[in-house]
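Me: I'd like to learn how to read a fold like this from its contacts and angles. Can we go through it together?

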Amino acid sequence: MRPGDGHGIWDPNGMPFWGTAMKTRAASADDAAEMGRVLREIIDHNGRQRPSDVDFVMGRYIADPTSIRCTVAIDEAGNVVGFQSLKKAVAGNPYDTPEGWGIIGTHISPKVHRQGVGKLLFAATREAALQAG
């Protein structure tokens, strides 16, 4: 495995990051339940209430028509441990982001905080944004 091959987490010097073998891929409908679990773990950790059911995950992240890409981070056991969505801002979006800009939402299980999951997800999101123009 090498940096940029889609496998593992790498530091800026190309060294494996804490030996973690996580990878990313595009989210699919099959991931919705596990993505909801990640949201519930975040809710349990910070107390901020938000929807986390499969229908919410599908509509907000996976099947949203403004979505450019939703990426999941998968651990060695094949479990979703985080995800990041990239959307194109449209007029009247709930974040008041200027139309045409990107909106990024990052959701990582507290169980894997500070293990490079966000860095791994952002690399995939950055690539998707570059490809989208």
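Predicted model: local features only at pLDDT ≥ 70, side-chain atom pairs only at ≥ 80, totals over all residues.

Me: Okay, how many helices and strands does the protein have, and in what order do the elements run?

Reply: There are three helices and four strands. Starting at the N terminus, the order is β-α-α-β-β-β-α.

Me: How much of the protein counts as buried?

Reply: Of its 133 residues, 38% count as buried. The exposed surface comes to about 7800 Å², and 52% of that is supplied by carbon and sulfur atoms. As for contacts with a sequence separation of 6 or more, residues 24 or more positions apart account for 52% of them.

Me: Now the strands. How do I read which ones pair, and in which sense?

Reply: Look at the bridges. β2 and β3 run antiparallel and are joined by seven bridges. They form a hairpin with five residues between them, and G78 in that turn has a positive phi of about 90°. On to β4: β3 pairs with β4 over seven bridges, again in the antiparallel sense.

Me: Is β3 mostly covered or mostly open?

Reply: Mostly covered, with eight of its nine residues buried. F83 counts as buried because its relative accessibility is 0%, below the 20% cut-off.

Me: Let's go inside. Which residues have the most contacts within the largest nonpolar core?

Reply: That core has 14 residues, and M35, Y61, V72 and F83 have the most contacts inside it. The elements giving two or more residues to this core are α1 (32-46), α2 (54-62), β2 (67-74) and β3 (80-88). The largest share, five residues, comes from α1. Apart from this core lies another one, of eight residues, including A73, I108, L120 and L121.

Me: Great, rings. How do I describe a pair of them?

Reply: A pair of aromatic rings is described by the distance of the centres and the angle of the planes. Searching the whole structure turns up two such pairs. In one, the rings of F56 and Y61 have centres 5.9 Å apart and planes at 85°, so the pair is edge-to-face. F56 is buried at 14% relative accessible area, and Y61 counts as buried at 3% relative accessibility. The other pair, Y61 with F83, is also edge-to-face, at 5.0 Å centre to centre and 70° between the planes.

Me: Which parts of the chain does the pair of Y61 and F83 link?

Reply: Distant ones: Y61 sits in helix α2 and F83 in strand β3, 22 residues apart. Put together, the ring pairs link F56, Y61 and F83 into a cluster.

Me: What about a polar residue? Is Q84 buried or exposed?

Reply: Q84 lies in strand β3 and counts as buried, at 3% relative accessibility. Its side chain makes a polar contact of 2.6 Å with the side chain of T125. Beyond its neighbours within four places in sequence, Q84 is in contact with R69, C70, T71, I104, G105, T106, L121, F122 and T125.

Me: Last topic, backbone angles. Where is D96 found, and what is its phi?

Reply: D96 is found in the loop between β3 and β4 (102-108). It has a positive phi of about 60° although it is not a glycine. D96 counts as exposed, with 72% relative accessibility.

Me: And where does R114 sit?

Reply: R114 has its place in the loop between β4 and α3 (117-132). Its phi is near 65°, a positive value in a residue other than glycine. R114 is exposed, with a relative accessible area of 76%.

Note on methods. Residues numbered from 1 in each chain as written. Heavy atoms only, no water. Core = buried A, V, L, I, M, F, W, Y, C linked by side-chain atoms within 4.5 Å. Buried < 20%, exposed > 50% of the residue type's maximum accessible area, 1.4 Å probe, protein only. Phe/Tyr/Trp six-rings, centres within 6.5 Å; stacked < 30°, edge-to-face > 60°. Contact = heavy atoms within 4.5 Å. Areas by Shrake-Rupley, 256 points an atom, 1.4 Å probe, with all protein chains shown as cover. Polar contact = N/O pair within 3.5 Å; in protein donor to acceptor, adjacent residues only side chain to side chain. Pairing = 2+ DSSP bridges.
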